Amino acid sequence: MLLGSILVDGLVTGCLYALVAVGFSLLWWLTGIIHIAHGAVYLIAGYTMFALAVSLGLPFAVAIAGATVVAVVGGAAIQQVIYRPFQRRAATEDAIITVSLGILIIVQYLLVIIFGPEGVSIDAGLRKPLLADGPRVLDRFSLIAVLGASVAIFGLHFLLRRTRLGKSMRAAAENDSLAEVLGLPIKRIQMIAHALAAAMVVPAAVLFLCDTGVHPPEALHLVLMAAVVAILGGKGSVLGALVGGVVVGIAESGMVFIVDAGWRQLITFTLLYVLLLLRPQGLFGTKAV
Amino acid sequence: MSIFAIVALSLNVVTGAAGIVSLATGAFFGLGAYTTAILCKAGYPSLAAQLAGVTIAAVLSIVIALPALRVRGVFLLLVTIAVQIIFTVIAQSWISVTGGDAGISRIPPYAPFGVPLRGVAFLIVCIVEAAIVYEFCRQLMRSPFGAVLRGLRDDETGSAALGKNVGAAKITAFAVSGAGAAFAGSLYAHYTAFVDPFSFDLSVSILMFLIVILGGAGTANGPLVGVLVLTLLPEIFKFLPLPPGVAAAARQLLYGVLLVAVMYFRPQGILSTAPGARPIGAIRT
């Protein structure tokens, strides 16, 4: 029973992680940017949702739509306004990652100043056990999280594999200058990728909001987790992100059970360290780094 | 401020000379502080505690830098961020040793020669030690080892092709830097007589990184300028009528803005003589 609880809890958290990580992984693969500001997009989505659904009292569906729009615009704006000038000057990877971190910090502390440091959450009453004798963590929330994440991730996988847009994205990731020479609108593709990544974060932000809440200081942990997942699952691999997310989720929830809640981040970063030391190309990757 | 100068000078070895961005400085700083706090409270002399902290930090730096043998640039940066967060987690959660969020208080004053130093005497000792670290770093940059570090910053593949042991150089740079930060951390613990996890979190690492790049990474005097600017600048907030929580957040916000602005307007720093086209911390991958 206990093992069941750990597995279910890990799976649910893992699915939410995968939603955050898949966009991060996509952008890393496609644009070569370590998008630490992805955490900022996550926070923006969560706080917009909170502002619309609680402060303004709008219906849930409307609030989700609003949060999606704001997040997508925010994600695309980060690419257009912030990253673009740096890319134009051929800034180094380290410069861009530093800027990205700066953006995350700015958003984090703006939110702290406006809303206070406690973070926000919504009690939607989703946390009630489904089965009287089943594991307690098996509730409506878990079902929605797992189903929602699977639909979103398989949808993205389909988009990348089967549509024209996906094909041009793969071409751009493979060799962006060649793709540009062949007439692909690289800049637009990169912007669309940012918008997609932002859209994938929204369900994760909404679900975290209904569970433990969205807290500004957690955003960095989430992004680093996404980096672990992206390396684990292979950069740009959508299904890899799902697998990686679930692995990290279960590892963390196991850690919480064995030691204590405070230690859960330890396992993620130990994983990152071991991975980079032993297999920096990821579990499924073959390319040298 | 001279304590921060020591930290910044040591980070300059890694970030400035070798061109590796490290965001784990706060962790090593904290490691030195906590080692001093724990050992001094257990009755050990402060020099022994300081040396212990420095040794632990150096060894740990080497362990952290090991992935540097296999991966480059951004991966290493991710590792340092991870190390920083792990340090904070351990400091917060290993309550029996670190005191958790409450930290460790009533640390005895610095007594390198058996006489406790307070006030002005302590300040003088700090300045003297900072000067020693400064001179040490300057000599290090001028030495053949410094040349190897600059070589791998500017062209890693080229350095390797010339037969330089790139991996070993990186790891040594990390060890020196970690040891320096821990040395300063020990002084810090004596100075404030109190350590807690929040004094050594990621924002400290970012502050140190900003100090180094703002002053001009790789230059001997750059970190000193950076320390001057960045420790005085947040003092402005003390004059504004802000509630305490907001003031702290505003300070962090300022660091974030600076991070973006510096990268945008003057990535080579205030004092640097490097051409503007080559942003600092550049690692060609």
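What follows is a conversation about the labels used for this model.

Guide: This is a predicted model, where local features need pLDDT of at least 70, side-chain atom pairs count only at pLDDT 80 or more, and totals for chains, interfaces and linings use all residues. Residues are numbered from 1 along each chain as its sequence is written, and chains are lettered from A and ligands numbered from 1 in the order in which they are written.

Visitor: What helices and strands does chain A have?
Guide: Chain A has 11 helices and 0 strands. Helices are DSSP runs of H or I with at least four residues, strands are runs of E with at least two, and both are numbered from the N terminus. Along the sequence the pattern reads α-α-α-α-α-α-α-α-α-α-α.

Visitor: Why is A:Leu43 called buried?
Guide: A residue is buried if 20 or more other C-beta atoms lie within 10 Å of its own, exposed if 12 or fewer, and partly exposed in between; the C-beta atoms are placed from the backbone. A:Leu43 has 28 C-beta neighbours inside 10 Å, so A:Leu43 counts as buried. A:Leu43 sits in helix α2 of chain A.

Visitor: And what makes A:Ser55 exposed?
Guide: A:Ser55 has 11 C-beta neighbours inside 10 Å, and therefore counts as exposed. A:Ser55 also belongs to helix α2 of chain A, residues 38–55. Its C-alpha atom is separated by 15 Å from that of A:Ile44, 11 residues apart along the chain.

Visitor: Which residues does A:Leu43 contact, beyond its neighbours within four places in sequence?
Guide: A:Leu43 is in contact with A:Val107, A:Gln108, A:Leu111, A:Val214, A:Pro216 and A:Ala219. Contact means that two C-beta atoms, placed from the backbone, lie within 7 Å. A:Ala71 is 28 residues from A:Leu43 in sequence, and their C-alpha atoms are 9.0 Å apart. In chain A, 74% of the contacts between residues at least 6 apart in sequence join residues at least 24 apart.

Visitor: Why is α10(A) called oblique to α11(A)?
Guide: The axes of α10(A), residues 238–258, and α11(A) come within 7 Å and cross at roughly 135°. That angle makes the pair oblique. Angles under 35 degrees count as roughly parallel, over 145 as roughly antiparallel, 65 to 115 as roughly perpendicular and the rest as oblique. Axes are lines fitted to C-alpha atoms, for helices over the stretch in contact, and angles run from 0 to 180 degrees between N-to-C directions.

Visitor: What is the handedness of the crossing of α10(A) and α11(A)?
Guide: The crossing is right-handed. A crossing is right-handed if the near helix is turned clockwise from the far one by less than a right angle, and left-handed if anticlockwise. Residues in this contact include A:Val248 and A:Met255 of α10(A), with A:Ile267 and A:Leu271 of α11(A). By class, the contact of α10(A) with α11(A) has 7 nonpolar, 1 polar and 2 charged residues. Ala, Val, Leu, Ile, Met, Phe, Trp, Tyr, Cys and Pro count as nonpolar, Asp, Glu, Lys and Arg as charged, and the others, Gly among them, as polar.

Visitor: What makes α9(A) oblique to α10(A)?
Guide: Helix α9(A), residues 218–233, and α10(A) have axes that come within 8 Å and cross at roughly 125°. That makes the pair oblique. Their crossing is right-handed. Among the residues in contact are A:Met225 and A:Val229 of α9(A), and A:Gly244 and A:Val247 of α10(A). The contact of α9(A) with α10(A) holds 9 nonpolar, 4 polar and no charged residues.

Visitor: How do you know where confidence is lowest in chain A?
Guide: By pLDDT, the predictor's confidence in each residue, from 0 to 100. Helix α11(A), residues 264–278, has the lowest mean at 76, while α2(A) has the highest at 90. Chain A averages 81, and 89% of its residues score at least 70.

Visitor: What is the confidence in chain B?
Guide: Chain B averages a pLDDT of 72, with 69% of the residues scoring at least 70. Over residues 273–285 of chain B, pLDDT stays under 50. Where pLDDT is low, the predicted coordinates should not be read in detail. For the complex, the predictor gives an ipTM of 0.71 and a pTM of 0.79.
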